[in-house]
Amino acid sequence: RSGVKLVISERTTPSVELSDSSCWFVRFLIRSLYPMADKIVAVSEGVRHDLIENFNLAAGKVKVIYNPLACEKIEELSHEDLEGYEWFHETKPIVINVGSLSDPKSQDNLLRAFKIVREKIECRLVFLGEGEKEKELKSLSQLLGINNDVGFLGFQDW
């Protein structure tokens, strides 16, 4: 009533993050309160789709604004020597996944896809990040027989 615009920023995929039955009240609040906002900002098309499909929000109300990238800083860091990371000195292609090792990221699917690609192309996969799924992802890479071409470098502050 004050005339101030209300904008909500959603940074997770709520249907995944709130899938536990104990989160029913938060899901109820999203369905009840988010429609009152003037706009809802999602950080990706996936989050936008989740809000529209699973929480019945009006498509026109949910807009995507991607997280920013520090392109100049990334360019600067790309010229640094990565001593101790011998894979980066090879000529084999490297797929790099940057982000928390968690359910919403579906890195298990990335490992399965990498296995298929790896059968056709000699390449490597590197995970930069930490999270509760790290142990599970390492086990899966071993189970898939690709662990020699998959590296987990943890959080990096390059």
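User: What makes I40 a residue in contact with I8, Y34 and L51?

Analyst: In this predicted model, I40 touches I8, Y34, L51, L57, K61, V62 and K63, leaving aside residues up to four places away in sequence. Contact means heavy atoms within 4.5 Å, so each residue on that list has such an atom pair with I40.

User: Why is the set that includes Y34, I40, L51, L57 and V62 called a nonpolar core?

Analyst: A nonpolar core requires buried residues of the nonpolar kinds, joined through side-chain atoms within 4.5 Å, and buried means under 20% relative accessible area. The largest such core has 15 residues, and Y34, I40, L51, L57 and V62 have the most contacts inside it. Its members therefore meet both conditions.

User: Which elements give two or more residues to this core?

Analyst: They are β2 and α3. The largest share, 4 residues, comes from α3. Another core, of 12 residues, lies apart from it, with L111, L140, I146 and V150 among its members.

User: How do you know that β1 and β2 pair?

Analyst: Pairing needs at least two bridges; 4 bridges join β1 to β2 (residues 39–42), so the two strands pair. They run parallel.

User: Why are β1 and β3 called edge strands?

Analyst: The open sheet has 3 strands in the order β1-β2-β3, with parallel pairing. β1 (7–10) and β3 (62–64) each have a single partner strand, so one side of each is left without a neighbour in the sheet. Neighbouring strands are turned by 30 degrees against each other on average, direction ignored.

User: What packs on this sheet?

Analyst: Helix α3 (residues 45–55) does, touching β1, β2 and β3. The direction of α3 makes about 170 degrees with that of β3.

Technical notes
Residues are numbered from 1 along each chain as its sequence is written. This is a predicted model: local features need pLDDT of at least 70, side-chain atom pairs count only at pLDDT 80 or more; totals for chains, interfaces and linings use all residues. Side-chain values use heavy atoms; hydrogens and water are left out. Axes are lines fitted to C-alpha atoms, for helices over the stretch in contact, and angles run from 0 to 180 degrees between N-to-C directions. Buried means under 20% relative accessible area, exposed over 50%, partly exposed in between (1.4 Å probe, protein chains only).
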